[in-house]
Amino acid sequence: MSSTLLPLMQLPAWQALESHYQKIKNIHLRQLFADDPQRGTRFMVEDAGFYFDYSKNRITEETIRLLLNLANESGLRDRIDAMFRGEKINSTENRAVLHVALRASRDQSIIVDGTNVVPQVHDVLDRMTKFADCVRSGKWVGHTGKRIRNVINIGIGGSDLGPVMAFEALRHYSQRDMIFRFVSNVDGTDFAEAIRDLDAEETLFIVSSKTFTTLETMTNARTARQWTLQSLGEEQAIARHFVAVSTNGEEVAKFGINTENMFGFWDWVGGRYSMDSAIGLSTMLAIGPENFRSLLAGFRAMDEHFRTAPFERNLPVLMGLLSVWYGNFFGAETVAVLPYDQYLKRFPAYLQQLAMESNGKHVTLDGKQVPYQTGPIFWGEPGTNGQHSFYQLIHQGTRLIPCDFIGFCQSLNPLGSHHDILMANLFAQTEALAFGKTVDEVRSEGTPDVLVAHRVFEGNRPTNTILAERLTPETLGKLVALYEHSVFTQGAIWQIDSFDQWGVELGKVLAMKILSEVELAEEPELLHDNSTNALIRRYKSVKLRHN
């Protein structure tokens, strides 16, 4: 792709956008709506189960036309088609990028290195289904014959963030006589608190590590193994209380897990794109195989929308292009994701890895330094909590923060007027951010002159609003895939590899070196910088005093 494209900033569409930005950068949303009273129903797309309102963005029809030109000149269509064909678009690792295969229907064919991978995917799904049914029904019992009532997923990164987010998002559909917890941090507190009130006889651990060598995950797994043996005593117990999501059968067997209870995945599945693979085993145990397959159906529906919808009505493409518009022309550095649903409380944290690990890159596919901004910072909290926390900065701060508001027309827990109040707040916030409150409006309320400036809201703060009927497993699948493909779109425009993550390697390597130094009782020769050497010595001196 990169060899046939001009550098991004040399593309005619990019240069046209730079000129266009200078013309409209100071136009207020109040003016845009005044000039076009039907704007709210024109800058809107309803498809794939979502009502997507992007009218409260600082754009005109010309902006969208130029952004679509940029997508075309950037080869986005070819890039999409290459992904769905199974081509190795992760060029730095020479891998295909096929999270879309994880939710493909049985009759689809996706070829990687001459092999249709879809049957392999469904073989794993079928094995997961059989296992989940056994555990949920009580047929699978622990070493002492007691039913499994507690499931703890041990993973980190994509092996944790996806399962945690999915469980919280779909808790409404979970089996309520079972407890689900998640351990990721190598800080011993994470494990200690997870098992504090549990009975080992009723606890199943899912160890999620592709290589079964990930430092944090295997440290926690070995501690879980020790905790189980302290209670149950016999090595044979491990096979009834541990299963693995991995591809390293030798290490899994060495740990004591029966490899028949090992659920695999493939090198064309990136960790942050893996929640619908075997990494989702804890999700399937919680919500059941039928709901898990509905989740996959939602992913698949958005995949098909992304693959086939024209760009001007393509939800992920529009979202991705708007992010490029604000990041590269307005200089916005963050995106706030604000779900007005308590079940989505971990969704912004999930998106942090999806977006920032994917597009936090400083070189192009050709290895050349990028001269433009990539990878916005994702953050957020559920509404209405955030309104009493950080919305002050969004409304009246000095930074431009584009926001995605996510809401549902029906509550899963209807209680009096709660949901009406919740949704009224969502709509009010997008209105306030767009239009603000002028000096004249503030004065007309009788505000003393000394306070007028403080009570003015500039407005002109851009938002997207995503509405769905209700939060179901299928809806969650669509929502996650929407952001996956929006991230893909941005990476294609920026001419970067959104599917490697070399930036996490250096810290891992250094951590292993330092670990060997802090574990030694004697003083090793420290060859780090002065600051790091001093920190290591300080830690060891305090540790020695308390051992």
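This is a predicted model: local features need pLDDT of at least 70, side-chain atom pairs count only at pLDDT 80 or more; totals for chains, interfaces and linings use all residues.
**View 1. Helix α6 meets helix α13.** Take α6 (residues 118-137) and α13 (residues 289-308): their axes sit 10 Å apart, and the two helices pack at an angle of about 145°. On the α13 side, look for Pro289, Phe292, Arg293 and Leu296. The α6 side brings in His122, Leu125, Asp126, Met128, Thr129, Ala132, Asp133 and Arg136. Sorted by class, this contact has six nonpolar, two polar and four charged residues.

**View 2. Inside the largest nonpolar core.** This core has 128 residues, and the ones touching the most other members are Trp268, Leu285, Trp325, Phe347, Leu476 and Tyr483. Zoom in on Leu285: leaving aside neighbours within four places in sequence, its contacts are Phe131, Ala132, Val135, Arg136, Val151, Phe180, Leu204 and Ile206. Another core, of 23 residues, lies apart from this one and includes Ala221, Trp227, Phe242 and Phe255.

**View 3. The largest cavity.** The structure holds two cavities of 30 Å³ or more, and the largest has a volume of about 150 Å³. It is lined by 16 residues, with Met319, Ser323, Val335, Asp404 and Asn464 the closest to its centre. Helix α14 gives the largest share of the lining, four residues, while β12, β13 and α20 each supply at least two. By class, that lining has nine nonpolar, six polar and one charged residues.

**View 4. The second largest cavity.** Here the volume is about 50 Å³. Around this cavity you'll find Leu102, Val121, Val124, Leu125, Gly264, Trp266, Asp276, Ser277 and Ala278. Six of these lining residues are nonpolar, two polar and one charged.

Key. Residues are numbered from 1 along each chain as its sequence is written. Side-chain values use heavy atoms; hydrogens and water are left out. Axes are lines fitted to C-alpha atoms, for helices over the stretch in contact, and angles run from 0 to 180 degrees between N-to-C directions. Contact means heavy atoms within 4.5 Å. Ala, Val, Leu, Ile, Met, Phe, Trp, Tyr, Cys and Pro count as nonpolar, Asp, Glu, Lys and Arg as charged, and the others, Gly among them, as polar. A nonpolar core is a set of buried Ala, Val, Leu, Ile, Met, Phe, Trp, Tyr and Cys residues joined through side-chain atoms within 4.5 Å. Buried means under 20% relative accessible area, exposed over 50%, partly exposed in between (1.4 Å probe, protein chains only). On a 1 Å grid over the protein atoms alone, a cavity is a set of points where a 1.4 Å probe fits but cannot get out, and a pocket is an open set with protein on both sides within 12 Å along at least five of seven lines; lining residues have an atom within 4 Å of a point. Grid points are joined across faces, edges and corners, and a volume is the space filled by probe spheres set on the points.
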